[in-house]
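Subject: Structure handover

Hello,

Here is the structure I said I would pass on.

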Amino acid sequence: MNAIPAIPVLKLNDGHSIPQLGLGVWQMSDGEAETAIKAATIAGYRLIDTAAIYGNEAGVGEGVRNSGVEREELFITTKLWNDQQARESARRALRASLERLRLKSVDLYLIHWPAPSRGLFLEAWKALIELKQEGLTRSIGVSNFNADHLERIIGETGVTPAVNQIELHPYLQQRSLRELHARLGIVTQAWSPLGQGQVLRNPTLTAMAKRLNRTSAQVILRWHQHLGVSAIPKSVRAQRIQENRDCLGFTLGSDDLVAIESLDRGGRVGPDPATFG
Ligand code: NAD
């Protein structure tokens with residue numbers, strides 16, 4: 001039997017690194033998150049992606065402690081919600097997340113959405129820079145930032161986010177933002193990598209999966225690895241968590257990659273970052 005390769009890591013612009021595959025825990029209860037983290041760590045995952053707004057940071061913290069994996073080996077991400085972007089609120093919000101997680105620090109703290117109509121994301125970014133200096137988070141980044149939002153925070157502070165976590169799946173391939181990230185030294189992280197399950201039934205992908213003796217989810221997540229991004233699929237089921245982990249045990253041919261590229265249709269499953277929040 002061929003061993004499944006270890007999950008590769010990507011280098012961040014601050015010297016740390018991030019796994020290319022992790023577990024997303026949106027829409028999980030505390031108990032579900034705890035159970036899913038156990039299954040994920042057994043399967044070899046080390047990256048867990050939560051957020052204050054998910055309401056399950058306490059369960060994630062329990063999952064981390066009950067996983068049997070050393071804290072230093074795990075990579076925990078949480079996020080600042082939109083109504084906490086003012087500087088002092090943002091500083092308090094990470095402390096509150098750490099209390100719920102019962103952790104001393106996280107590995108990555110993200111501004112969840114730019115929420116441009118609030119006019120506060122630059123202030124939030126300055127707060128995150130301070131929180132990193134204070135050691136409450138090892139790395140800092142953003143989520144759902146468009147090019148103009150990135151240019152604003154980098155231009156005003158000189159500090160480039162380590163990560164931009166964006167919606168990215170075969171129906172929304174984000175080529176121009178990925179190219180900008182590559183130029184700026186930002187790691188792209190894909191949320192809803194399976195399009196919240198909607199992309200799984202695409203006939204091109206189901207046929208490809210059948211030919212390769214894989215599942216659609218594995219083909220999609222393998223494509224994310226080819227793009228050089230980090231992906232955080234969500235599942236509460238141990239069997240699917242393992243299935244998603246096993247996306248690394250095969251390769252896609254250049255014809256397969258071209259066929260997946262042709263599926264891009266600008267099809268969001270989530271809100272538009274230019275207006276949301
Ligand atoms: P996803 O693309 O990961 O899809 C999840 C759905 O696919 C679930 O219904 C799950 O049961 C199903 N699924 C998972 N693996 C499967 C498999 N192998 N076979 C069949 N079905 C499978 O969608 P998501 O949860 O929206 O995104 C993943 C993570 O991204 C979230 O949990 C969260 O951590 C993060 N996220 C971040 C943002 C953001 O604004 N930053 C927004 C949405 C999600």
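Which residues lie nearest the centre of the largest pocket, and how many residues line it? Keep in mind that this is a predicted model. The lining is made up of 35 residues, and Trp 26, Gln 27, Ser 192, Gln 196 and Lys 234 are the ones nearest the centre. The space in this pocket comes to about 750 Å³. Sorted by class, its lining holds 17 nonpolar, twelve polar and six charged residues. Helix α9, which covers residues 238-245, is the element that gives the most to this lining, with three residues.

The ligand

Where does the ligand sit? The space it takes is the largest pocket. Around the ligand there are 27 residues, and the closest of them are Asp 49, Ser 143, Gln 165, Ser 192 and Leu 194. The shell around the ligand contains eleven nonpolar, eleven polar and five charged residues. Helix α9 gives the most to this shell, again with three residues.

- His 112: an N or O atom of its side chain is 3.4 Å from an oxygen atom of the ligand.
- Gly 195: here a backbone N or O atom lies 3.3 Å from an oxygen atom of the ligand.
- Glu 243: an N or O atom in the side chain is 3.0 Å from a nitrogen atom of the ligand.

On its own the ligand would expose 840 Å², and the protein buries 88% of that.

The second largest pocket

About 170 Å³ of space lies in the second largest pocket. It is lined by 14 residues, with His 181, Ala 182, Ile 186, Val 187 and Thr 188 closest to its centre. Which element gives the most to this lining? That is α6, with three residues. Strand β1 (9-11), α6 (175-184) and strand β9 (187-191) each supply at least two residues of the lining. By class, this lining has seven nonpolar, five polar and two charged residues.

To sum up, the ligand takes the space of the largest pocket, and helix α9 gives the most both to the lining of that pocket and to the shell around the ligand. In the second largest pocket, α6 gives the most to the lining.

Regards

Methods. Residues numbered from 1 in each chain as written. Predicted model: local features only at pLDDT ≥ 70, side-chain atom pairs only at ≥ 80, totals over all residues. Heavy atoms only, no water. 1 Å grid on protein atoms, 1.4 Å probe; cavity = no way out; pocket = protein on both sides within 12 Å on 5 of 7 lines; lining within 4 Å. Points joined across faces, edges and corners; volume = space filled by probe spheres on them. Helix = DSSP H or I, 4+ residues; strand = E, 2+ residues; numbered from the N terminus. Nonpolar A, V, L, I, M, F, W, Y, C, P; charged D, E, K, R; others polar. Near = heavy atom within 4 Å. Polar contact = N/O pair within 3.5 Å; in protein donor to acceptor, adjacent residues only side chain to side chain. Areas by Shrake-Rupley, 256 points an atom, 1.4 Å probe, with all protein chains shown as cover. Sits in = over half its atoms within 2 Å of the grid points.
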